[in-house]
Amino acid sequence: MAPEKEMRDECGAYPMKSGDGLHSYSNNSYFQREVVNASKQLVSEAIVANLDILKFSPSTTIRVADLGCSVGPNTFLAVQNILEAIELKCQNQGLLKSQIPEFQVFFNDQTSNDFNTLFSSLLPSRPYHAAGVPGSFYSRLFPNHSLHIVHSSASIHWLSRVPKKVVDRTSPAWNKGRIYYLNAADEVVEAYSAQCAEDMRRFLQARAEEIADGGLMILIFSARPNQIPHSQLSANLINDMLGSCLIDMAKKGIVSEEKLDTFNLPVYHMSPQELEEAVERNGCFSIERMSSLSFSSSSLPSLVSTYQKAQAISFHIRAVTEELIKAHFGEEILDQLFDSYSQKLEEEYSSMIDSSVLNFCAVLKRKKTMN
């Protein structure tokens with residue numbers, strides 16, 4: 001099989017680690033949960049200030065979609081924050097409790113997502129109707145103008161695919177001996193940036209057709225601050241360390257160099273400016289707010305030692321990359337790889353603390369459709 005085809009759909013075909021085991025996403029998504037918590041006030045303020053609730057008739061069901069929901073429990077927390085903000089908006093508009101509309105929430109992720117674990121965690125007394133919507137959010141998922149709020153957190157840094165050029169041996173962007181764009185040739189970085197731009201074009205085009213006029217889209221994403229080099233973002237350093245562990249294993253003959261040369265992470269941390277440019281090119285949304293959400297891995301509350309913190313980061317990265325790595329290299333390398341990774345994280349932990357750990361929250365509003 002050609003290298004291009006090997007990695008083409010791996011982001012879509014191998015989602016977060018399913019179930020509720022030791023290395024599962026549900027038990028190792030503390031960082032994502034902290035970002036949801038950090039964004040709560042900003043999300044509430046954005047909905048209260050910008051959602052045109054009176055524009056929708058009292059009989060209208062308010063439809064909310066969480067894109068990239070994974071297996072929970074973070075998605076439920078995000079939805080709770082959104083619905084509480086909508087209710088506050090209704091109260092501020094003088095609506096009686098009986099006049100507050102019903103809510104329907106759509107949980108979206110790839111078709112191979114563990115929806116069984118997700119829905120088994122739903123509270124039976126939830127104040128909304130729930131439905132799962134499988135499929136890539138880089139394409140259409142919902143009917144025209146059917147959504148009022150779209151939310152996505154810790155998801156849009158995942159590309160729809162690995163850029164073709166980085167696995168093409170004839171291309172200047174061939175990323176030989178690396179799994180990521182950090183410290184790679186300029187052509188590799190450009191290929192990743194171009195793939196991100198194309199993905200965001202498709203993402204915004206799809207949402208522009210699905211979101212009702214006056215509806216909101218809230219995007220929370222790990223980002224590289226404007227004018228800051230890729231090398232100063234801790235998320236990039238963490239991913240690059242994983243690559244260095246695979247390189248060490250290739251040198252020892254544990255994995256083949258050919259396998260290494262055809263594996264790249266389908267992840268890119270864009271800057272707020274890159275998102276702003278994508279929104280401007282799309283033309284269907286206004287940016288109501290763009291704010292940073294600082295979060296430091298050093299703030300892990302129950303972990304005291306550097307070893308424990310490194311272990312927590314390793315478990316987190318394993319939860320989001322294990323299926324990708326297993327599909328490409330085989331399951332037998334996983335424990336050895338992540339043991340090595342934990343050790344490297346502990347040794348170089350101070351360099352991560354000194355780097356930027358930033359998430360941004362962008363609030364977009366759907367402009368009025370021109371007939």
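Me: Okay, helices (H or I, at least four residues) and strands (E, at least two) are DSSP runs, numbered from the N terminus. Where does Ser-29 lie?

Reply: Ser-29 is in the loop between helix H2 (10–13) and H3. This is a predicted model, where local features need pLDDT of at least 70, side-chain atom pairs count only at pLDDT 80 or more, and totals for chains, interfaces and linings use all residues. Residues are numbered from 1 along each chain as its sequence is written, and side-chain values use heavy atoms, with hydrogens and water left out.

Me: Is Ser-29 buried or exposed?

Reply: Buried, with a relative accessible area of 1%; buried means under 20%, exposed over 50%, partly exposed in between (1.4 Å probe, protein chains only).

Me: What is Ser-29 in contact with, beyond neighbours within four places in sequence?

Reply: Pro-73 and Asn-74, where contact means heavy atoms within 4.5 Å. Asn-74 is also one of the buried residues of H4.

Me: What do the buried residues of H4 pack against?

Reply: Helix H3 (30–50), strand E1 (62–67), E2, helix H5 (115–120) and strand E4 (147–153).

Me: Switching to Asp-109: which strand is it in?

Reply: Strand E2, residues 103–109. Asp-109 is buried but has no salt bridge, meaning a side-chain nitrogen of Lys or Arg within 4 Å of a carboxyl oxygen of Asp or Glu.

Me: Which backbone nitrogens lie by a polar atom of the Asp-109 side chain?

Reply: That of Ser-70 is 2.7 Å away, and that of Cys-69 is 3.3 Å away.

Key. Lys, Arg positive; Asp, Glu negative; His and termini not counted. Polar contact = N/O pair within 3.5 Å; in protein donor to acceptor, adjacent residues only side chain to side chain.
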